[in-house]
Amino acid sequence: MSESAHPPLRAYLWVWLALFVLSVFSYAVDYVGLEGYLKWLLITAFMLLKAGLIMAVFMHLAWERLAIVVTVLLPPGVLLFLAALMALESHYTLLSRLSVFFS
Amino acid sequence: MSDSQGSPSRLAGVGRDLVADWAADRRVFAMPWDKAMIWLFILSDVFIFACFLVGYMALRIAATEPWPDAGEVFALHLGGEAVPLLLIAIMTFVLISSSGTMALAVKSAHAGRRGATALLLGVTALLGLTFVGMQAFEWTKLIEEGVRPWGNPWGAAQFGASFFLITGFHGTHVSIGVLFLVIMTIKAWRGSLGERRPGFMTRRRGRYAMVESLGLYWHFVDLVWVFIFAFFYLW
């Protein structure tokens, strides 16, 4: 049973601070009232950064072997494909509703 | 199987490790059993929440009525001014703080420090409880304003269904996490982790490594909130 290396205390503290800062940025995107693609891009970017930091440092994945990292990240990554398919289908559903009920 | 190569061959080395871990006729995950199992449980829970979030996306895209503006719906009124998403921002702050104290608790546990571990676990539990309290307040407020799973005063009827389902499941996960945090706080405080006493539920011997497994669950709960915060409240 190999003991993986442990990061120093300051790694946790820096990540903690970064999470707060990213949360403020995310909130600012809404508060400032950005719209359109820029808003979605920033929201998603900040979300992925926060998620990445939590998984890599707090959940220790950066120091674990690739076997567990792949096991944890690959299946949800495949779910992105499901999300893309559902987005396509939902748009079709919307168009169907609009053309059948509202035309 | 340690690799001390330079950068160019490090990727190849890591790749070889991956293949070797899965191919060799031995245990795949080089970690304690409970830690590996918690990761697999988290993976299954990620699937559950992914289904909910993808379902929410599908509902929202296909809704013919406009979706209520989350900024307005979840605003708090302070001194006559509507501050958008204030409660949600505070809830995010509380949960991130709890993740920080949890990480420190795990670090204390690895050092075998009984008092610090118990204190930090207790603070994490309190912060989690605060989060649940605020979510309960949010639910009460919205229900009073007329939000139901089948309709609301502001827009698409599917809003309430999505909101209650997603935040309900997340809040339940936080509550269960708080329960386990309280149990672990008591175990740490009584010295059951250091002295390896059997637990009351499963009779398994206490180990400080248990705090790390609980930490993984708690960080997962925070992770889900990061996605909910972005997709439901901000988007």
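α3 of chain A passes α2 of chain B in a right-handed crossing, meaning the near helix is turned clockwise from the far one by less than a right angle. This is a predicted model, where local features need pLDDT of at least 70, side-chain atom pairs count only at pLDDT 80 or more, and totals for chains, interfaces and linings use all residues. Residues are numbered from 1 along each chain as its sequence is written, while chains are lettered from A and ligands numbered from 1 in the order in which they are written.

α3(A) and α2(B), residues 33-62, pack at an angle of about 15 degrees with axes 8 Å apart; axes are lines fitted to C-alpha atoms over the stretch in contact, and angles run from 0 to 180 degrees between N-to-C directions. The two helices are therefore roughly parallel, the word for angles under 35 degrees. Their contact has 19 nonpolar, three polar and one charged residues.

Zooming out, the contact takes 43 residues from chain A and 42 residues from chain B, counting residues whose C-beta atoms, placed from the backbone, lie within 7 Å. α3(A) gives the largest share of chain A's side, 18 residues.

Now for chain B. UniProt (unreviewed entry) lists residues 82-106 and 207-234 among its "transmembrane region" stretches, and such annotations may be inferred rather than shown by experiment. Helices here are DSSP runs of H or I, at least four residues, and strands are runs of E, at least two.

Technical notes. Two residues are in contact if their C-beta atoms, placed from the backbone, lie within 7 Å. Angles under 35 degrees count as roughly parallel, over 145 as roughly antiparallel, 65 to 115 as roughly perpendicular and the rest as oblique. Ala, Val, Leu, Ile, Met, Phe, Trp, Tyr, Cys and Pro count as nonpolar, Asp, Glu, Lys and Arg as charged, and the others, Gly among them, as polar.
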